[in-house]
Amino acid sequence: MLPAIQNTNINNYKSKQSQSFKGAGLPAGVAFLDGFIKTQENLSITRCIQSSMTNIVPKAALSRSKADFCEFTFLELLESGLFYFAAPFFGEFLYRRGIFKSSQPKNLRTEIDKNLPNSIEQIKNSKLDKALKNRIITQKGGMVLACLAIPVLEYALSFAKNLFTLKVFKISDFNNIANLNKDKKEDTAQQKRVETHAKYELKKAGVLSATGVAAGLLLSAAGHKSKGLVKFSEFLLEPGQKISKLLHKAGISSPRTDRFLEEYLKLDFANRNGKLALSKGQLAAICTTGLFGYSAAAKDRGKLDFYEVWTRVPLVVLYTIFGSSVLDEGFKSILARKGKFPELIKRDSNGLINVPSRAELPQIAKNLSEKNNTSYEKELSRLIKQKSVITGVPYLFGLLVMGFTLTGITRVWTKYRYNQMNKDTQNQNQEVKKN
C-alpha cells in the first residue's frame with residue numbers, strides 16, 4: 001500500500017505544479033484583467049456589453065414614460081440578440097450542424113465541415129481538390145446568404161416595437177410616448193396606419209427571410225457546379241477584398257484602407273477556435289439595416305420621432321460597429337510614440353500598429369522569462385496588465401462618455417423641437433385670427 005500512496009502523492013504534486021505553470025498562480029486582480037481581455041476579443045460579448053452600457057442603462061435612467069421605458073426595453077433586448085448572437089447561433093448551430101450539413105454528400109460532410117471556419121484564401125491555398133474547394137466556398141456563401149435574414153428581421157423589429165406599444169399601451173403618437181403632450185389625445189386614423197404598416201413589414205420580413213434561406217440552401221447544394229456562382233460566393237463572403245483589388249488596379253493603394261475594407265465589409269464568419277463567430281462586417285450590415293428600419297417606423301409615429309432617430313441612432317450605429325476603435329487607434333499611437341509597452345505595441349512594414357492577441361501572450365512571456373531570467377508567471381502577469389491598459393482605457397472612456405451624453409442631448413433636443421413646433425402653431429393660429 002505504501003508505494004501506491006507515495007505514487008499518488010507524487011502525481012498530486014506534479015498536477016499542482018502543472019496547474020501553477022498554466023496560470024493558477026496569477027494574482028486575483030490579474031486574473032480579472034485577463035478575463036476582461038478575453039471578452040474584448042469576442043466581438044459578440046464586448047459589443048453586447050458596450051450596447052447595454054451606452055443604450056439600455058442611460059435610456060432606463062432617462063426614460064420619459066412607462067411606455068417609453070417598456071418599448072425601448074423590448075427593442076433593445078431583442079436587438080441585442082439579433083446584433084450580437086443571431087449570426088453565430090444561426091451559422092454555427094442552425095446551419096452548419098443542421099440544414100446546410102444535409103445539403104452535401106455524406107462522404108464529404110466531415111471534410112467540408114472541418115474547413116468551413118477557414119477563410120477563402122486558406123481554402124484556396126489548401127491541398128484539397130478543386131471540386132471540394134468549390135463546395136466549401138459555395139456552402140459558406142449559402143450560409144451567409146441565409147444569414148441575410150438577420151438584417152431583414154432587424155429592419156422589421158422597429159415595426160414590431162410600434163405594434164407592441166400600440167397593443168399594450170394603446171399609444172401610437174410619439175408625443176404621448178415621450179410624455180410631451182398634456183392632453184394625451186390619440187388619433188384613431190394614425191393608430192390604424194401604424195398597425196397596418198407594422199403588420200405589412202413583419203409579413204414582408206418573414207417572406208424575405210424564408211427566400212434568403214431557400215436561396216442559400218440552393219447555392220450550397222448546387223452552386224459548386226457553376227463558376228459564376230463560385231465567384232458570386234467569393235464576392236458575397238469577402239466584398240472588401242474584391243473592392244481593394246479594384247482600387248489597386250485604379251492606382252489607389254493604402255494598407256489602412258485595405259485593412260478597413262477587409263474588416264468592415266467582410267460578411268463571412270470570423271473563425272473563433274474552429275467555430276463560426278460574428279464578424280465586423282456582419283455586425284455593420286445588421287446595424288446599418290436597423291438604422292433604416294428605425295427611420296421608416298418612426299415616420300409612422302410623427303415628425304419628432306423621426307427627428308430623434310436621425311439625431312441619435314446614426315451615432316449609436318457608428319459606435320456599435322466601430323466601438324472604441326478610433327479612440328483605440330489614437331491611444332495606441334500615443335503609446336507607440338512614447339515607447340510604452342514595446343513587447344506588445346509594434347509597427348509593421350506598412351506603419352500599422354499591431355497588438356498580439358491574448359492567445360499569443362504565453363509564448364511572448366516564455367521568451368521574455370528566458371531572456372530576462374525571470375519567472376513565466378511574472379512576465380505573463382506584466383503582459384496581461386499592459387494589454388488591459390491598451391484595450392481598456394479607450395473602451396471604458398467610450399462607455400462612460402457615449403451613453404449618457406448622447407441620450408441626454410437627444411432628450412433635450414426633442415423637448416426643444418416640441419416647444420418650437422407648438423410656438424410655431426400658436427403663431428400661425430394668431431395670424432389666422434388677425435386676418
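Which residues do ring pairs link into a cluster? Select Phe89, Phe90, Phe93, Tyr95 and Phe100. Rings of Phe, Tyr and Trp (its six-membered ring) pair if their centres lie within 6.5 Å; planes under 30 degrees apart are stacked, over 60 edge-to-face, the rest tilted.

A word on the ground rules: this is a predicted model, where local features need pLDDT of at least 70 and side-chain atom pairs count only at pLDDT 80 or more, while totals for chains, interfaces and linings use all residues. Numbering runs from 1 along each chain as its sequence is written, and side-chain values use heavy atoms, leaving out hydrogens and water.

Zoom in on Phe89 and Phe93, a tilted pair at 6.0 Å centre to centre with 35 degrees between the planes. Both sit in helix α4, four residues apart, about one turn of the helix. (Helices are DSSP runs of H or I, at least four residues, and strands are E runs of at least two, numbered from the N terminus.) Phe89 is partly exposed at 45% relative accessible area; buried means under 20%, exposed over 50%, partly exposed in between (1.4 Å probe, protein chains only).

Now for the core: a set of buried Ala, Val, Leu, Ile, Met, Phe, Trp, Tyr and Cys residues joined through side-chain atoms within 4.5 Å. The largest one has 46 residues, and Ile136, Met143, Ile150 and Phe269 have the most contacts inside it. Colour α7 (130–147) next: this helix gives the most to that core, with eight residues.
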